Amino acid sequence: MLNETLAAIRPLDDDAITAARALQARLTKPAGSLGALETLAVRLAGLAGACPPPIPQPAALAIFAGDHGVHTQGVTPWPQEVTAQMVANFVAGGAVVNAFARQAGVAVTVVDVGVKATLEPSGGLLDRKVRPGTRDLSVEPAMTRDEVLRALVTGMEVADDLVDGGAQALLTGDMGIANTTPAAALIAAFTHADPAAVTGLGTGIDSETHARKVAVVTSAVVGLHAEDPVDILAAVGGLEHAALTGFILRGAARRVPVILDGVIAASAAVAAHALAPASVAAMVAGHRSAEPGATAALGYLELEPLVDLGLRLGEGTGAVLALPIVASAVRVLHEVATFDSAGVAHK
């Protein structure tokens, strides 16, 4: 399925881009007056191969959850049990992202791809557990290559199910205590950035814990000699990072926009780019996370975030908040009158 997905990812459609630019020039507004929204709408036309492109609604959020062996290195003060507890909270509809999703009309799917606990079966939870948490990336590879491939396929299958169910946009979500540590390692490995510069405070840590986290990430990246993206994911990634990578790739293959959340999604995005550079065409940076690694990753991908609110929660919150902006950018091409049709004079 990975090979099939990579083969299906193609560059943007030039004819649709040309048509979208021409339409933008005829709409009743000064040229360029919508700034980044015009650029985004044109790009989404190229992605869909149609002008105007489909309005990205309904949209579906997938929250991939997993635990991390590196938790034992003291890189976060939060107990590992919180991952499973928050999964239950998502399923019950009580998390911040659930409130945002209700406001935006976004369907939420929660996927256990590697939680280190046996979760209660629920209609709102997909059991796709590859293994109960990763190994400690500071001691050994976090996953085997086969485990990464299984997580990648899980993300692809979830994307397929959501698109086949009618989703016109895919939104990334994640949950995993300590998952900003592998995210920083992945971003440093794929972008060649200084590990210390891309390792942030996560959900909030003191200076001593941060120094320990930086040392763990630096050691893991310096000792990493893999070049194949799957092997890099196996060495320092997480199960939710790998699943999100597959999710993004499949969205690109299905020509559906994928709105990225924060640093976890950004780390998956650079992995997806390494596997298929053209996949970046489907990526929309929902927001700029307060985590420094997110800015480094988005800069590497040449993606400009739509909003910058200092968020660092994860869950998919930033992606959900950005959805109405993405939808508005596309709706302009559908609904705004042209100078000719409205009888408005050009300058």
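Reader: What volume does the largest pocket have?

Author: In this model, which is predicted, the largest pocket has a volume of about 460 Å³.

Reader: And which residues lie nearest its centre, out of how many in the lining?

Author: The lining of the largest pocket is made up of 28 residues, and those that lie nearest the centre are Met 175, Asn 179, Thr 203, Arg 312 and Leu 313. Two or more lining residues come from each of helix 4 (81-92), strand 4 (169-175) and helix 11 (263-275).

Reader: How do the lining residues of that pocket divide into nonpolar, polar and charged?

Author: For the largest pocket, 12 of the lining residues are nonpolar, 10 are polar and six are charged.

Reader: OK, what about the second largest pocket, what volume and which lining?

Author: The second largest pocket has a volume of about 230 Å³, and its lining includes Ala 36, Thr 39, Leu 40 and Arg 43, together with Met 283, Val 284 and Ala 285. Also in that lining are Glu 302, Leu 303, Glu 304, Pro 305 and Leu 306.

Reader: Which element gives the most to it?

Author: That is helix 3, which gives four residues to the lining of the second largest pocket; helix 3 (36-48) and strand 6 (283-285) each supply at least two. By class, the lining of this second largest pocket has eight nonpolar residues, one polar residue and three charged residues.

Reader: Switching topic: where does UniProt place the "active site" feature?

Author: The UniProt record, an unreviewed entry, places the feature "active site" at Glu 315. In the model, Glu 315 lies in the loop between helix 12 (292-301) and helix 13 (317-335).

Reader: Buried or exposed, that Glu 315, and why?

Author: Glu 315 counts as buried because its relative accessibility is 5%, and the cut-off for buried is under 20%.

Reader: Which residues is Glu 315 in contact with, leaving aside its neighbours within four places in sequence?

Author: With those neighbours left aside, Glu 315 is in contact with Leu 61, Ile 63, Met 86, Phe 90, Ala 95, Val 96, Val 97, Gly 173, Asp 174 and Asp 261.

Reader: How many cavities of 30 Å³ or more does the structure hold?

Author: The structure holds one cavity of 30 Å³ or more, and the largest cavity has a volume of about 30 Å³. Among the residues that line the largest cavity are Leu 260, Asp 261, Gly 262, Ala 285, His 287 and Arg 288. Asp 261 is also one of the contacts of Glu 315, while Ala 285 is also one of the residues lining the second largest pocket. The lining of the largest cavity divides into five nonpolar, three polar and two charged residues.

Reader: Now Gln 80: where does it lie, and what does its side chain reach?

Author: Gln 80 lies in the loop between strand 1 (59-66) and helix 4, and its side chain reaches the backbone oxygen of His 68 at 3.0 Å. Not counting residues up to four places away in sequence, Gln 80 touches Asp 67, His 68, His 71, Lys 116 and Ile 177. At 17% relative accessibility, Gln 80 counts as buried.

Reader: Last one, what does Thr 109 touch?

Author: Thr 109, which has its place in strand 2 (residues 107-114), touches Leu 61, Ala 62, Ile 63, Leu 126 and Leu 162, not counting residues up to four places away in sequence. Thr 109 counts as buried, with a relative accessibility of 17%.

Technical notes
Residues are numbered from 1 along each chain as its sequence is written. This is a predicted model: local features need pLDDT of at least 70, side-chain atom pairs count only at pLDDT 80 or more; totals for chains, interfaces and linings use all residues. Side-chain values use heavy atoms; hydrogens and water are left out. On a 1 Å grid over the protein atoms alone, a cavity is a set of points where a 1.4 Å probe fits but cannot get out, and a pocket is an open set with protein on both sides within 12 Å along at least five of seven lines; lining residues have an atom within 4 Å of a point. Grid points are joined across faces, edges and corners, and a volume is the space filled by probe spheres set on the points. Ala, Val, Leu, Ile, Met, Phe, Trp, Tyr, Cys and Pro count as nonpolar, Asp, Glu, Lys and Arg as charged, and the others, Gly among them, as polar. UniProt positions are given in the numbering used here, feature names are shortened, and annotations may be inferred rather than shown by experiment. Buried means under 20% relative accessible area, exposed over 50%, partly exposed in between (1.4 Å probe, protein chains only). Contact means heavy atoms within 4.5 Å. A polar contact is a pair of N or O atoms within 3.5 Å; within protein, one must be able to donate a hydrogen and the other to accept it, and residues adjacent in sequence count only if both atoms are side-chain atoms.
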